[in-house]
Amino acid sequence: MTLINISSPHVASDGDAGSMMRLVLLATLPGLLMLTYWFGWGSLINIIWAVLLALVFETLSLLLRGRPVGFYLKDYSAVLTGVLLGLALPPLAPWWVTLVGVGFAIIIAKHFFGGLGHNPFNPAMVGYVVLLISFPVEMTSWVAPRDLVDGQPALLSFSESFFQIFPVLTQPLVDGYTMATALDLFKQHQGDLIHQSVGVRAAFGYFGAAGWEWVNLGYLVGGLFLLYRRVFTWHAPLGMLGALLLLSLIFHGLLNIDSIGSPLFHWFSGATMLGAFFIITDPVTSATSLKGRLLYGIAIGSLIFVIRSWGNYPDAVAFSVLLMNFAAPFLDYYTQPRSFGQAAIYARKEKD
Amino acid sequence: MATDSYRDLAANGLWNNNPVLVQGLGLCPLLAVTGSVVNALGLGLATTAVLTGSNIAISLARQQIPDAIRLPIFVIIIASFTSCIELLMNAYTFELYEILGLFIPLIVTNCVILGRADVCASRVRVFAAAFDGLMMGLGFTLVLVLLGSIRELLGTGALFNNMQLLLWPETANWTLRLVENYNGFLFAILPPGAFLVTGLLIAGKNLVTRYHEKRSVIRTESFE
């Protein structure tokens, strides 16, 4: 009888990459519902278009690389990349913006590096950053949330949104429904005190940015569901949200700098919750050790706060995530967990 | 020297041992100034001129240069040629000189030039050295212009903008607007676009080389 050497873990879970990705897709639903409610059908159309493109690019890349297409399409990672990018894009982004973004994400950020599991950078965020620096106008034209401005026409209907994104036969109808988001306002009115802005300017909602607070709540609900299903551990999201909370408490509460948003504002505007639960928890591009994940989250939260408060861009989730993707291997290197019965690595090295 | 070796020198400079695609030298100006064809061509020609000149001078003086301090001497010779080119550009192509700015004096630090001085010019006779400098410079210029045209096309939808900065005034009409109402793809003109397109060019070069190797293997096999 031969004993087969199998390394631990010996108890296999019944989950695979595909079922994990499907759970994450399911968890984006509350956020997507809120986006659709507050900003119209655009996000939904964008997501469908992005997923279609992602599947086409994934198939093409796999064929070119000579890999089995069906097997890799079934892991849903391309679908997830498409959905995440679609969620991050402004609702009425023209079709070619999505095309360029998804193409970059799938072909260059993912398959150039060797496909799922080998990509050092989060594909959706690479696509987003390429779009943001290439097409600043299209990427910052956010639709005004529903019922925000008196006398503003209602949100575009489904077909209107469709023709806004795909101007076939017709010219794009209008682009007059966009307005600056709350984070934009913060950037443009740095000198103002926050109580001059909040309440006076319509872009601010009950506790975060108008409309955005509900979208972020949606992502938070989805994220907590994923946490409950143990798709990821609490370390990275807690680190990121904690760092944001602490820094905004210090600067807004303690030092009373009024032009920096309150903790609630930072939590519930922009892409905070989408980032905290759907982007930085990506198992491929984040740190893998638990301590490493915590540090990774803290660093991303701090970077977001710094760029939002003193940087050039209104929001910073994508930039912070990409910067920390660089650092993830180092974090892992310095936070290797101690295996049972072994002395800590540094103590052992010093002895030698 | 036989004609064969001149052919080798040309093949090496332009393709087999291309300074950018194979040796990976001179990447700093390559990445920095290739936002448009005119910038790329300007810096490429300036580098070629310096390279050819310094190769000739070093080859002529190669018996007198002591081996131990050859590098400082090479750098001084290269720096004098760079200064000449800089003054010439200042005089005749002032606007381009302003655009390229720091990257003209930085030709001194271009590894391609110092590399050729040490590997080639200080060992061979003057005609071979001059020809090698010219070919290496042209290989460098070619990649620069190719990169510049890809980035300019992707970034602005047009080719050969502002050629009058380098050439005669009528070349202002050379601008080819290939795509109407192009939105502009800033990424291609910004530094990350340079890295990406350079990587793609190197990959393309390797692909062609590998294809030819495969074909030559098949050919020799079929002869046997």
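Author: Start with contact: two residues are in contact if their C-beta atoms, placed from the backbone, lie within 7 Å. In chain A, take the contacts between residues at least 6 apart in sequence: 75% of them join residues at least 24 apart. This is a predicted model: local features need pLDDT of at least 70, side-chain atom pairs pLDDT 80 or more, while totals for chains, interfaces and linings use all residues. Residues are numbered from 1 along each chain as its sequence is written, and chains are lettered from A and ligands numbered from 1 in the order written.

Reader: How many helices and strands does chain A have?

Author: Both are DSSP runs numbered from the N terminus: helices are H or I, at least four residues, and strands are E, at least two. Chain A has 18 helices and zero strands.

Reader: Which residues of helix 4 of chain B are buried?

Author: Buried means 20 or more other C-beta atoms within 10 Å of the residue's own, again placed from the backbone. Here they are B:Phe74, B:Ile77, B:Ile78, B:Phe81, B:Thr82 and B:Met89. Their cover includes helix 3 (37–60), helix 5 (94–100) and helix 6 (111–121) of chain B.

Reader: At what angle do helix 6 and helix 7 of chain B cross?

Author: Two packed helices are described by the angle and the distance between their axes. Axes are lines fitted to C-alpha atoms over the stretch in contact, with angles from 0 to 180 degrees between N-to-C directions. The axes of helix 6 and helix 7 (residues 126–156) of chain B come within 11 Å and cross at roughly 150°. Therefore helix 6 of chain B is roughly antiparallel to helix 7 of chain B (angles over 145 degrees).

Terms used. Buried ≥ 20, exposed ≤ 12 C-beta atoms within 10 Å, placed from the backbone. Parallel < 35°, antiparallel > 145°, perpendicular 65-115°, else oblique.
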